[in-house]
Amino acid sequence: MHLRARRALVVPVLAALLVTSAAITTPPALADPAAVGEPAGEPRTTTAGTLSDDDVAREIAHGCTKSGDEILATIQGLRGEEQFTTIRHRGDFDANIPENSLTAFEESYLRCRPGIETDLRRTADNTLVMFHDTHVGKMLEPSYDPLTGQGPNAALSSLTWDQLQQKTLVNITREPQAGEKVPSLDQFLDHYRRVGGQSLLYVEIKNSTNEKAAAQAEIMDAVEQVAAFHRAHPEVGIFDRVVFKFRMSAFPLFPEWAERTRAIPDLPRVPLTQVQVSRQIARDLASDTTIPGHDGPAGLRMEAAVHSWSTHSATTDGVLSVEVTMKDSTGYTETDMRGLSDQLPFPFRGVTYHSPHDDSSAQPGTMASAVDVVHFFDKPLGQFVPVPDWVMFRAPGSFSWDDVLPNVDAGHSRTPVTPMEAFFNNSSQCCYSLRDRVDDHAQLDDDPEQNDQRILLPWLEDIKATVLTADDTDSIDAYFTTRGKKLDAGDHSVSPNRPDPTMNSLIYPGSTRFPSLMKFVTVELAPRGDPRSWFVQGSAVVSEDRPTSQQKAARVVSHDGPAGLMAVYGQATLTVDIAWSWYDSPDVRNDETRTTWVIPEHLSDGRHSFPAQVGTTTVDVHVTLSRRWASATDASIEVVRTDRSSLWGMVCGGSLHTPTDVSRCNWFDQAGSKLLDLPSYRPTEVRPGDVIGISSSHGARPLTVSTALWGRGWNDVPVSMSSSRIDAAGRWDTPLSVPAPGDHGLVDVRYVLRADSYRTPL
């Protein structure tokens, strides 16, 4: 176990009980260390105490396998290789340790993190402090309620340093942690020196303005302060430890950055950097006419800026990586539908998604083209991996996954969100979901985003984002360890880091709760002209363009409203069969037609229409799309027909394999669980049309379903024993029907999956 100096930290009994409860109540299915190649056991913990800085420094020096100089050399040598490393966002905070606290940072140093990332903001008297949010309610005001927005929640920039120091940081349970204060930049650097930290320090400078000159001045203030620390403590080599992160629009060209920093007295080198570009930053760059040589399309200015930073060396110029915020593959003209192997660890087993075919299909001026430039110059690509805030370190029994949380994402969707997808806004208020931050302004960009795949580690692997910043870096490391692609940037020699199931992280390798961003399709028919003149009816079938696709059909009748929702993942084909007759004689069918329409993967949400010619009449086919986080859940079995007066048996479902002996359904404990609520050995009266509810414990991933059903007539006879695989797209109505042997009749059972949405349509 590591040693940790808590500075007389008082751990509240309530918070301690929460952690204990989370560890005890975590389902065994979540603890899947074998899936990530780690030894079994509880997540590694540390010993609380009041230890000296020297004790901590000795533990770091003794336990960490690489020094700070070796970590830097490893990162500098990363280049474009597919070796992945992680940067711990906000330090190693947990149910007791507040984020961005000195204790959280110290814990990261003790865990031998290659790097940590923290945010730099300014107080009213221009003191530089390490703080994530723009407002202080969530982290400094126990009486503030993030759910309602009630209580004190002052803007950080409105408080002076002295006022800030009168407040104590709280943990995730809203309990103040004695002695934990917001650290200034000076305190952050000096603490690192005192405890002998070796991790790289990624300092993200949060500008208070997008105005270029003012943003540059704020960044240079931070560099000047680090330079002053270097002059006071040159032995630390702080300019080989601090990595400055800032918006590329502040310094669009590397030579300007180098010139400004070299003018600082006694600066040993151009500072280490990881510059950032996103769609919004690209828009700022597009309006910057100082970028020379690009008077053409505005997107080329962004590419010129990325080019400028990507061509400079990590060893001589300090440009370690370029971070491009690309959320999905919409910027590519060619994509491949990937179906992930069943051999991958949860939660990525069997997930399907669109991945870029290759860099050459990136459209100019898009985030994909920025990634293309980074790859072309063999520069490591950075990316942030968001992990929903709400569930971290909360005991599974302390909330329901179906809770409705407020959505206060100003200017965007106010659709309620659930704990699984909820993030705190940086105003400290709850909540928003990743879908709310999808930027689909087609009038401004060539690549309107359709979803946010950044929590999908296989997709990040596909785009070769090799420097990943996240709150749950252990799960990322575990995933890339199984892939043989984790960069050896240092670890603890005795107690390596392992995923922590008490975080309830969606990227935890044992997670059973990974939602999928599905595309829901509704269809309706409308004849042109006087609708009273026609009786129009039709059926619509949606089939995904995948080798294992299954058709999802719904009947639509114009006078009865639109068809029911049909859920698909990727590109799909809609086939509509239409028939019409005169309104005053609806039983006479005059004409029929079939029309097909491709629903592209990246078609925007909303209502889309296309005409179909039926005889001499034009019928409009209206298709409404809405993307939502959703999960396929087990809903029911329906008895379609039977000549048995009673039924008993079992239906099992799992995610691993199809059992060869369906009669062993009761012992199907390693691959799944019993789904059917029927008593296993008591006859239950059933009639055709009866619907019998089953459990809903499985998420959106392939299911293997096995039935072992018996009917009671003159004597007990098996009426159905079969197995069927439900593919990743979900067969929403899958009949599992097997005739009974001899003349004993038939029980026809239909297994039904339901696409549960965590969101209502936008």
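This is a predicted model: local features need pLDDT of at least 70, side-chain atom pairs count only at pLDDT 80 or more; totals for chains, interfaces and linings use all residues.
Let's start with the overall picture. The chain has 762 residues, and 58% of them count as buried. Its secondary structure comprises 15 helices and 31 strands. If you take the contacts between residues at least 6 apart in sequence, 72% of them join residues at least 24 apart.

Now step inside. The largest nonpolar core has 96 residues. Within this core, F188, M248, W257, W309 and V324 are the residues with the most contacts. Helix 8, which spans residues 212-232, gives the core its largest share, 8 residues. Leaving aside residues up to four places away in sequence, W257 touches I219, M220, V223, F246, F251, V270, P271, T273 and W309. There is also a second, separate core of 20 residues, and L525, A540, L574 and A612 are among its members.

From the cores we can turn to a pair of packed helices. Helix 2 (residues 53-63) and helix 4 have axes that come within 9 Å and cross at roughly 35°. On the helix 2 side, the contact is made by V56, E59 and I60. Helix 4 answers with E106, Y109 and L110. Sorted by class, this contact of helix 2 with helix 4 has 4 nonpolar residues, 2 charged ones and no polar ones.

Next come the charged pairs. Across the whole structure, a search finds 32 salt bridges. One of them joins the side chains of D471 and R90, with an N to O distance of 2.8 Å.

R90 has a positive phi of about 70°, although it is not a glycine. Its relative accessibility is 4%, and because buried means under 20%, R90 counts as buried. N126 is another residue with a positive phi, near 65°, and N126 is not a glycine either. You will find N126 in the loop between strand 4 (115-122) and strand 5 (128-130). Is N126 buried or partly exposed? At 47% relative accessibility, N126 counts as partly exposed. For context, most residues other than glycine have a negative phi, and most peptide bonds are trans. With that in mind, look at the peptide bond from C430 to C431, which is cis, with omega near 5°. C431 lies in strand 14.

Back to the salt bridges, where two further pairs are worth a visit. R607 forms one with E524, and the closest N and O atoms are 2.9 Å apart. This pair links distant parts of the chain, 83 residues apart: R607 is in strand 22 (residues 606-614) and E524 is in strand 16 (residues 516-527). R607 is partly exposed, with a relative accessible area of 48%. E524 is partly exposed as well, with a relative accessible area of 24%. In the other pair, the side chains of E204 and K206 meet at 3.0 Å, N to O. E204 counts as buried at 11% relative accessibility, whereas K206 counts as partly exposed at 24%. Salt bridges can also be joined up: R88, D92, E107, R111, R113 and D474 are linked in a network of them.

A last stop is L434, in the loop between strand 14 (430-432) and helix 14 (457-462). Is this leucine buried or exposed? L434 has a relative accessibility of 5%, so L434 counts as buried. L434 and Q453 are 19 residues apart along the chain, and their C-alpha atoms are separated by 9.3 Å.

Key:
Residues are numbered from 1 along each chain as its sequence is written. Side-chain values use heavy atoms; hydrogens and water are left out. Helices (H or I, at least four residues) and strands (E, at least two) are DSSP runs, numbered from the N terminus. Buried means under 20% relative accessible area, exposed over 50%, partly exposed in between (1.4 Å probe, protein chains only). Contact means heavy atoms within 4.5 Å. A nonpolar core is a set of buried Ala, Val, Leu, Ile, Met, Phe, Trp, Tyr and Cys residues joined through side-chain atoms within 4.5 Å. A salt bridge is a side-chain nitrogen of Lys or Arg within 4 Å of a carboxyl oxygen of Asp or Glu. Axes are lines fitted to C-alpha atoms, for helices over the stretch in contact, and angles run from 0 to 180 degrees between N-to-C directions. Ala, Val, Leu, Ile, Met, Phe, Trp, Tyr, Cys and Pro count as nonpolar, Asp, Glu, Lys and Arg as charged, and the others, Gly among them, as polar.
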